[in-house]
Amino acid sequence: LGLGSNLGDRRRHLRDAVENLAAMGAVRVSPAYETEPVGGPPGQELHLNIVVELTTDLTARQLLGVCHRLETAAGRVRAERWGPRSLDVDILLIEGLEVDDPDLQVPHPRMQERRFVMAPLADLAPELVPPDWEDRAQGRVNPAGSL
Ligand code: X6L
Ligand code: MG
Ligand code: MG
């Protein structure tokens with residue numbers, strides 16, 4: 001899972017989400033990165049991004065529901081597309097599964113273009129990132145310690 005926040009108490013939103021995910025299964029959490037906004041309207045605050053590995057019996061659909069519930073719990077309001085958000089939780093990869101539905105694509109089709117995804121993913125699961133990912137990813141990121 002890729003998690004990000006650029007509104008309000010970013011660390012708090014990410015920590016609360018990880019705590020809730022830990023009730024769904026075993027979690028491993030990447031270091032945090034402070035990241036330049038990619039896409040979306042100009043003038044946004046920096047994001048705090050992490051990647052979380054969750055070992056769970058949930059289906060992909062159930063997991064998507066959990067992601068949306070966590071966003072709502074963090075007070076996320078749907079305003080402009082790709083605008084500031086208190087919490088974003090995206091499914092990146094599910095071991096042994098591919099999904100290509102309109103509302104759910106796994107693996108996430110654009111994850112390799114985003115440094116804010118690939119940097120924490122490379123820390124957490126280096127076997128999952130291609131050796132040349134740094135050449136293709138966009139957006140500056142800076143290590144921001146652990147959550
Ligand atoms: C052209 C058109 C090039 C659109 C890029 C890239 C759009 C990424 C949306 C794009 C384009 C996104 C985060 C973020 C967002 C985040 C950081 C998105 C969705 N979420 N930037 N931008 N961290 N640093 O979590 O990823 S909006
Ligand atoms: Mg996202
Ligand atoms: Mg999302």
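Predicted model: local features only at pLDDT ≥ 70, side-chain atom pairs only at ≥ 80, totals over all residues.
Residues are numbered from 1 along each chain as its sequence is written, chains are lettered from A and ligands numbered from 1 in the order in which they are written, and side-chain values use heavy atoms, with hydrogens and water left out.

Let me start with the pockets. A pocket here is an open set of points on a 1 Å grid over the protein atoms alone, where a 1.4 Å probe fits, with protein on both sides within 12 Å along at least five of seven lines, and its lining residues have an atom within 4 Å of a point. The largest pocket holds about 1,100 Å³ of space, a volume being the space filled by probe spheres set on the points, which are joined across faces, edges and corners. Its lining counts 42 residues, and Trp82, Arg85, Asp88, Asp90 and Arg114 are the ones nearest the centre. Strand S4 gives the largest share of that lining, four residues, strands being DSSP runs of E with at least two residues and helices runs of H or I with at least four, numbered from the N terminus.

The second largest pocket has about 520 Å³ of space, and of its 23 lining residues Glu53, Leu54, Leu93, Ile94 and Glu95 lie nearest the centre. Here too S4 gives the most, with five residues.

Now to the metal. Which residues are the protein donors of the magnesium ion (ligand 2)? They are Asp88 and Asp90, each through OD, at 2.0 to 2.1 Å, where donors are N, O and S atoms within 2.8 Å of the metal (3.2 Å for Na, K and Ca), and since water is not among the atoms, sites may look incomplete. Asp88 also bridges this ion and the magnesium ion (ligand 3), the two lying 3.5 Å apart. Asp88 counts as buried because its relative accessibility is 14%, whereas Asp90, at 26%, is partly exposed; buried means under 20% relative accessible area, exposed over 50%, and partly exposed in between, with a 1.4 Å probe and protein chains only.

Finally, Pro42 sits in the loop between strand S3 (33-35) and strand S4 (47-55), and counts as exposed because its relative accessibility is 80%. Its C-alpha atom is 9.1 Å from that of Gly83, 41 residues apart along the chain.
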